[in-house]
Each structure stands twice: as C-alpha cells, then as structure tokens.
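Q: Please take a close look at one part of this model and describe what lies around it. Begin with the chain as a whole and keep to what can be computed from the atoms.

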Amino acid sequence: MKFDVLVDVRLRGGIADPAGATIERALPALGYDGVAGVTVGKTVRFTIEAADEAEASSRSEDLCASFLTNPVIEDATVTVNPAGESAEAGA
Amino acid sequence: MATSVGVVVFPGTNCEMDAVAAVERLGGDGRLLWHGDEDLAGVDAVIVPGGFAHGDYLRPGAIARFSPMMGAIARFAADGGPVVGICNGFQVLTEAGLLPGALQKNQGLKFLCQPSMLRVESSDSSLTCRATVGSELSVPINHFEGNYTCDAETLARLRDEDRIVLRYVDNPNGSVDDIAGVCNEGRNVVGLMPHPERACDELLGSADGAVLVGSLLDAA
C-alpha cells in the first residue's frame, strides 16, 4: 500500500529563529497588529510503500529521526494517511 | 616525508584550496579527497573544510554525512587519527555524530564575515597541541549557522572533560558558553567555526591560524 506522509519540522524552543523574528518585526509596519509567536519551520512530503499504516508510520518516524531532523535543534510531527485520502494530497 | 593531510571535497565545498595552501605553507602535503571515494588514500590527518556541502540542503551537513568518505573518516577517527572540521566541516562532523551538539543560526540574524579573537582553552587536542592555553588568536569567521548549541548535560560534560578547546573573546554569534571549537572524547577530532586556514600569512591580515594548522601536522 502507498501512504502519503507529511513531516512538519519545527525548531525546538530556545533555538534561534531569525526568519520568524524578522517576519514578526515586519508585521506592525504592514498594519498587522497583535500577531505574535511567529515561527518558521519546514514541511517535507513524500509517499511511502508499506504493508499497513503502522509500518508506514514507524518507517517514516525512523527516517525523520535519522535524517530529516536534527534532534538537537528540531522537533517534528509526522502525519501518515493512505495515499489520496489526506487533505494534503493533490493540494 | 612530509605529513600528508587529506582535504575532503563535497559538491559545494569551497575552502579546500585554502586548506591545502595552509598545510603546504607549513611544510605538509595537502591532498584533495573526493567525498564519493571510500578510502583515505593513506593520509596522516584529515580536514573537512568549509563551504556548502550538497548546497546545505535540508540542513548544513545533513546530506554530506551519508557520503562514502564519511565512513572512512569515522573509522580513521575511531583509530585515533586526527580530524579537523572547519566551519561547514564542523557542521558535517556534528551531523555525523563525530562531535556533540549542533550549529544553529547566528543570534542577531546576520551572516558574519569578520575577524574574531579566539582564546585557546586547552592545548590537549589535535588542533591546539602547539598552542599555549590562554593565548589569543585572530582568526576570521564566515558563517550564518555558527551558533553552537547543545543540551545542558552535554555542556557540563564538555566543561568537565576540558573539551572546549577554543572560545570567542567577544562572542559574535551567540554560541553557548562562547564556544568556538570543541573536541571529541579522544581529543583527536576537533570542530571549529573560525577559519584558521585563512589566517596563515600576515598578508591575509593574520598568521595566528598557523599554530592551529601546525598543531594538526604535529598530531598526525
């Protein structure tokens, strides 16, 4: 079976986020007041072949921990759905 | 025979000739090693130089650590061989797990390209064995992701084991505990963000880096 995987990578708390800080500082000048807590991360999408959703999740989590993120500075959430059924698919 | 130093080249590396020139100026034999090869060709020491290995895609060093040459470097390091990672090379060595911690974006949001003053904190490493503890060296930095970080437990270990080998005198990038360079438990693998290979001749503004590159030759 094929599964769609969405990995949302975020910087951990306390890790410098210059992109987020710069965006947040620019907002008042653009007329957007009251916006706070801007952070910039990245998303990685892929499809994976696996026997079932549990295997797809576990292989994706492994891939995420060993390569897609550096656990010293980043956290991630992994979302797995059967191919074509996720809100992200085809978007 | 001159001490041979292998300088690893990845796609996107751009400081390899500076490293070779510095090694040769100090009497060593600098040799380029391609990241896709699987052996070190018998060199006595290794430099992982600066640049943007694999375009820094995903994260600096994240893809470089899977290059075949990195397996050879890990084995060489495990046998006690001296390995120094400079700038992007430091990032590669942390991603490869040969050194602790990680390099995050600079505090202050700026890419930094300027001279920096370093204080030698330990002369017990392959990069500082010729240097005097407490001496200050002017060595340039050139990075956006050079802000060293690690968890509190790792930092305590680095301090207790005297593994912080270089500190910034005026911390330019927000690195925890002013850390500019650290070594592994064996003290043969060292990473630093500043570029000693660019400070080996007074014509370049400083020759203070020569004591560091020279240390690597001594350690080999």
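**Chain B, from its fold to strand E3**

A: Chain B has five helices and eleven strands, where helices (H or I, at least four residues) and strands (E, at least two) are DSSP runs numbered from the N terminus. The model is predicted: local features need pLDDT of at least 70 and side-chain atom pairs count only at pLDDT 80 or more, while totals for chains, interfaces and linings use all residues. Residues are numbered from 1 along each chain as its sequence is written, and chains are lettered from A and ligands numbered from 1 in the order in which they are written.

The radius of gyration of chain B is 15 Å, close to the 17 Å that the globule rule gives for 220 residues, so chain B is as compact as a globular protein of that length. This radius is taken over C-alpha atoms, and the globule rule is 2.2 Å times the number of residues to the power 0.38. Along the principal axes, the C-alpha atoms of chain B fill a box of roughly 40 × 35 × 30 Å. Of its 220 residues, 59% count as buried; a residue is buried if 20 or more other C-beta atoms lie within 10 Å of its own, exposed if 12 or fewer, and partly exposed in between, with C-beta atoms placed from the backbone. Among contacts in chain B between residues at least 6 apart in sequence, 74% join residues at least 24 apart. A contact here means that two C-beta atoms, placed from the backbone, lie within 7 Å.

E3(B) pairs in the parallel sense with strand E1 (residues 4-9) of chain B over three bridges, and strands pair if DSSP finds at least two bridges between them. In this pairing, B:Ile47 is the bridge partner of B:Val7. Three bridges also join E3(B) to E4(B), and these two strands run parallel. There the partner of B:Val48 is B:Gly85 in E4(B).

Helix H3 (residues 88-95) of chain B is mostly covered, with eight of its eight residues buried. Among them are B:Phe90, B:Val92 and B:Leu93, and also B:Asn88, B:Gln91 and B:Glu95. Just after H3(B), B:Gly97 takes a positive phi of about 80 degrees.

Together with B:Val213, B:Val46 touches the most other members of the largest nonpolar core, which has 71 residues. Such a core is a set of buried Ala, Val, Leu, Ile, Met, Phe, Trp, Tyr and Cys residues joined through C-beta atoms within 7 Å. The largest share of this core, seven residues, comes from helix H5 (residues 210-219) of chain B. Leaving out residues up to four places away in sequence, B:Val213 touches B:Ala22, B:Val23, B:Leu26, B:Pro196, B:Glu197 and B:Cys200. In soluble globular proteins, nonpolar side chains tend to be buried together.

The loop that runs from E3 to helix H2 (68-78) of chain B holds B:Leu58. Most residues other than glycine have a negative phi, whereas B:Leu58, not a glycine, has a positive phi of about 70 degrees. B:Leu58 is partly exposed, with 17 other C-beta atoms within 10 Å. B:Asp177 is another non-glycine residue with a positive phi, of about 55 degrees. Its place is the loop between strand E9 (164-168) and strand E10 (179-183) of chain B. With 14 C-beta neighbours inside 10 Å, B:Asp177 counts as partly exposed.

Chain B also meets chain A: 13 residues of chain B are in contact with nine residues of chain A. Helix H1 (residues 18-26) of chain A gives the largest share of chain A's side, three residues.
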